[in-house]
Amino acid sequence: MNRRSFQCLLQASLIFGLGRAHNSKQTKVRSVSRDSVCVRIPSSFESNFLSCSHHSDSIIMEEDYPHIKARSEIYPRSTVKRFPVPDEKVRWEVAFQEYKPVYYTSKSVLDEPPWADKENIINGNAPGGKAPQWNKLDDSVNRCSHLGNYTIDPDTKVPRNPKGRTGISGRGCLGRWGPNHAADPIVTRWKVDSDNKPVTDKDGNKIAQFIAIQRSDNNELAIPGGMVDPNELITQTMKREFGEEALNSLEVSDSERKTIAESVDILFKNGVEVFRGYVDDPRNTDNSWMETVAMNFHDNDGAGVAQFKLTAGDDAISVQWMDMHSKISLYASHKEFLRKVAKHLNASW
């Protein structure tokens, strides 16, 4: 069984869809409690991510604080230095006359791979005379934001980061102008001792463990996730990325692939959405930014995925089960996702 066949096997096992993107009538939610974070996804097949239709039970997790990692001094995978933006000058509505962001789009994006927009969209130019449909489903490209409608820069005619200034304009190493959608599966289990009994902290709370990868581009620990491809359901992305990055499904025997697919299918039938929205990612720019949907898939009895030997694959250089705790350092906003999972599981944090 080749890579494509295995992906098809995973995708064919979908039970439900996610992706409740939001249309122009969606109102931003700023008063959501930091602990009101979990939405259980029913097992029935729902609307997929390829729609901007609104669902009344959707939750937008928009934290009301300025992004930090999106203002890191040096842009990732480059030597480009951001224009300094102090906390009080992040929001667009605050005047910042001195602001002169550096324009940067990486060569890998300018080479126009299938996952990237055309560079000449800027300043209102459009390939073939077709202008992008901002805040809408644009053919197979979802240009909706989980935060609601974003604004278009009146001068460059491209989207503005809804969280404010970053010190860099252009797209950096992100493919899409505006939101770049990802999906992050957080697979967890209970930590057990040699007698297979749950391990607890000093307060008696059970310790949860999650599958972490070490990213090959920056060596940081992260949740195994990835970008949502055009015409792809979020659950497809989660299964694909989890299989490729965490279980190294591309480099195992046929029988092992089948076993992995069956276990992932069982685990991914029941998930809890813990986050949906903007990601404070160092790749973000004034015109391109990361958004994600993060879901928790918990192997409660440790009889499924928790038993598999973890081997890194795809863009990960290592993978392991790690304890969840408040001192952990993770890529982008991933630590905040774990905090929400710990709250949901009533686990130690």
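**Entry 1: Ile186.** I looked up the neighbours of Ile186 and found that Ile186 touches Ile223, Val274, Ala294, Met295, Asn296, Phe297, Phe337, Leu338 and Val341, leaving out residues up to four places away in sequence. A contact here means heavy atoms within 4.5 Å.

**Entry 2: source.** I note that this is a predicted model, in which local features need pLDDT of at least 70 and side-chain atom pairs count only at pLDDT 80 or more, while totals for chains, interfaces and linings use all residues. Residues are numbered from 1 along each chain as its sequence is written, and side-chain values use heavy atoms, without hydrogens and water.

**Entry 3: cores.** I searched for nonpolar cores, that is, sets of buried Ala, Val, Leu, Ile, Met, Phe, Trp, Tyr and Cys residues joined through side-chain atoms within 4.5 Å; buried means under 20% relative accessible area (1.4 Å probe, protein chains only). The largest has 47 residues, and Ile186, Val187, Phe210, Ile211, Met238 and Phe268 have the most contacts inside it. Among the elements that give it two or more residues are strand 6 (178-190), helix 3 (234-246) and helix 5 (334-345). Helices (H or I, at least four residues) and strands (E, at least two) are DSSP runs, numbered from the N terminus. Another core, of 9 residues, lies apart and includes Ile121, Leu147, Val158 and Trp289.

**Entry 4: strand 5.** I found 5 of the 5 residues of strand 5 (residues 168-172) buried. Strand 5 pairs with strand 2 (residues 102-105) in the parallel sense over 3 bridges; pairing requires at least two DSSP bridges. Gly172 in strand 5 stands opposite Thr105.

**Entry 5: confidence.** I checked pLDDT, the predictor's confidence in each residue, from 0 to 100. The chain mean is 80, and 75% of residues reach 70 or more. Over residues 1-50 pLDDT stays under 50, and over residues 53-62 it is below 50. Where pLDDT is low, the predicted coordinates should not be read in detail.

Note on methods
Buried means under 20% relative accessible area, exposed over 50%, partly exposed in between (1.4 Å probe, protein chains only).
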